[in-house]
Amino acid sequence: MTEREFALGVVRTLQNAGYTALWAGGCVRDELLGLAPQDYDVATSARPEQLRPLFRRRNEIGAHFGVVQVIGPRGDDGEWLTVEVATFRTDGAYIDGRRPDAVTFSTPEEDAKRRDFTVNGMFFDPVKNELIDYVGGRADLDAKVLRAIGDPVARFTEDKLRVLRAARMATRFALAIDPATHAAAERMAPEIRVVSAERIAEELRKLLVHPNRARGLRLLRELELIGPILPELVPTFTLPQGLPAAPTGTLWDHIVRVMECLGEARNAEPGTRSEGPEPTGFFGLPLRAPHSALHASSVSFPLAFAAVLHDVGKPRVFGRTADRYTFHGHERVGAEMTSRIADRLKLSNTETARLCWLVDKHQYLADAPTMRMSRLKPILVHPGIGELLALHRADARASGKSLEHVEFCERVLREMPPEELNPPPAVTGEHLIAVGLKPGPQFKRLLDAVREAQLEGRVRTKEEGLELVEELLREWAQEPPPAPEAPSE
Ligand SMILES: Nc1ncnc2c1ncn2[C@@H]1O[C@H](COP(=O)(O)OP(=O)(O)OP(=O)(O)O)[C@@H](O)[C@H]1O
């Protein structure tokens with residue numbers, strides 16, 4: 001059974017028991033666009049206590065808000081099928097949590113009007129195959145317009161996250177923002193500071209992993225959201241790029257261009273559509289996998305966010321010689337700034353580590369063809385190498401530079417056998433102890449030196465490694481001892 005079939009079954013069960021039940025919100029929008037929804041939400045006149053006898057398998061995720069998750073059989077992927085069933089309601093304001101502070105149970109029409117944008121405010125009856133649209137969502141979707149439901153200022157005031165949701169929705173569905181909605185969003189943007197980091201990060205994630213991420217980033221600036229969410233980027237709006245004698249725009253322009261180039265090559269390939277016949281939505285429309293799912297594997301959130309932040313250190317270290325701008329050490333400074341940004345957005349440790357690593361190393365491979373193998377190989381075997389190469393590629397393309405360094409690395413990865421790229425250490429601490437050496441500071445120096453020689457191809461076996469150890473010990477024994485410290489007075 002598919003999630004869609006299960007969601008239809010849930011509506012049927014509710015209707016057979018005498019309640020009104022409809023698909024609601026995002027899934028209706030997605031099906032109208034011919035996209036396969038990520039999940040189906042059902043809105044109903046039944047109260048949580050009335051749902052209990054109808055569905056034995058359920059999860060009371062927010063029963064006090066009238067939201068119950070109904071659990072079905074396992075889907076094709078082995079995951080449990082679930083549908084959120086929510087009682088028709090009107091919301092109180094969202095002070096901050098993931099849900100409004102209070103709700104009042106009400107009618108379908110009132111429920112539609114509490115939603116954020118008209119395209120998100122439609123219902124569909126999958127039993128009668130009938131669209132129920134109290135807010136003009138269908139017309140806006142056809143005209144490709146994002147419009148707040150009702151008074152836009154009031155809507156953005158109730159929940160301050162909605163300005164960012166506007167940028168995300170407009171990006172994802174290629175919608176133009178209606179002028180009144182746009183003006184209200186711009187006005188309310190600074191208020192997003194009161195919203196929790198987790199909610200902001202989730203919207204940012206969805207916006208940045210989408211292939212239209214460059215437009216998304218431009219929209220964040222247009223809606224005045226960069227200052228409140230990522231103030232570190234504000235100085236990039238005016239920082240010059242190129243040569244003083246021949247400027248090529250601002251650093252911000254470059255960042256947007258990198259976003260445009262990110263994933264470009266891979267997006268041209270067909271998506272990873274599932275096998276079998278295409279699922280069909282209402283009105284018999286075939287449902288394509290949504291872009292975010294099609295391309296989710298091609299550009300991860302850490303990669304997309306690293307593309308936004310890769311040069312964030314530049315304004316801090318900006319300098320000028322007679323004929324050049326300089327940005328010495330901007331990668332290191334940028335990685336430190338990125339780490340603070342990730343903390344502020346409460347990203348997970350794993351994502352933070354990958355993001356900071358990408359920013360720190362975003363220039364590392366520029367000289368790859370002339371680099372020593374002992375410096376190159378450890379990076380090539382890092383689990384983030386695919387993302388790092390994608391970032392180098394986008395950065396080089398955006399600046400009109402050659403892709404030789406990226407292609408060189410890709411060739412090495414393709415052609416060099418794994419045991420040569422990342423050989424097991426020829427000499428270990430145990431080997432050193434076995435030849436009579438005692439653990440101490442010299443130990444690590446020896447192991448590092450043998451490893452380097454191994455990665456350079458100068459050492460291949462344990463015997464060759466131990467020969468090098470002997471040689472180094474002889475050499476170091478002849479080194480003059482460190483100069484004595486000057487006696488203190
Ligand atoms: N902050 C909000 N204010 C008003 N309505 C909201 C808000 N968040 C969600 N909604 C309503 O709930 C529906 C489901 O929300 P959700 O955040 O899952 O987004 P979605 O539109 O389904 O997109 P996605 O596919 O990314 O989940 C929306 O379509 C909208 O009708």
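Leaving aside its neighbours within four places in sequence, which residues is Val163 in contact with? Keep in mind that you're looking at a predicted model. Once those sequence neighbours are set aside, Val163 is in contact with Phe156, Ala185, Met188, Ala189, Ile192, Leu223 and Leu225. Two of these names come up again in a moment.

Val163 belongs to the largest nonpolar core, a set of 101 residues. Along with Trp23, Val42, Leu225 and Ala307, Val163 touches the most other members of that core. As a rule, nonpolar side chains in soluble globular proteins tend to end up buried together. Another core lies apart from the largest one; it has 8 residues, among them Ala426, Leu446, Val450 and Val459.

Now back to Ala185 and Met188, which sit on helix α8, residues 179–188. The buried residues of α8 are Thr181, His182, Ala184, Ala185 and Met188. What do they pack against? Their partners are β10 (145–146), α6 (152–158), α7 (162–172) and β11 (176–177).

Time to zoom out. The protein has 25 helices and 15 strands, and 39% of its 489 residues count as buried. Its C-alpha atoms fill a box of roughly 95 × 55 × 55 Å along the principal axes. If you take the contacts with a separation of 6 or more, 62% of them come from residues 24 or more positions apart.

The domain assignment gives four pieces to keep track of: domain 1 (1–143), domain 2 (152–229), domain 3 (301–421) and domain 4 (429–478). Taken over C-alpha atoms, the centres of domain 1 and domain 4 are separated by 66 Å. For residues 303–369, an unreviewed UniProt entry records the feature "domain: HD". Over that stretch the chain is 57% helix and 6% strand, with its end C-alpha atoms 23 Å apart.

So where does the ligand lie? Domain 1 and domain 2 both give residues to the shell around the ligand, so it lies between them. There are 13 residues surrounding the ligand, and the closest are Gly25, Gly26, Arg115, Asp116 and Asn120.

Note on methods:
Residues numbered from 1 in each chain as written. Predicted model: local features only at pLDDT ≥ 70, side-chain atom pairs only at ≥ 80, totals over all residues. Helix = DSSP H or I, 4+ residues; strand = E, 2+ residues; numbered from the N terminus. Buried ≥ 20, exposed ≤ 12 C-beta atoms within 10 Å, placed from the backbone. Contact = placed C-beta atoms within 7 Å. Near = placed C-beta within 6 Å. Domains from an automatic or database assignment. UniProt positions renumbered as here; feature names shortened; annotations may be inferred. Core = buried A, V, L, I, M, F, W, Y, C linked by C-beta atoms within 7 Å.
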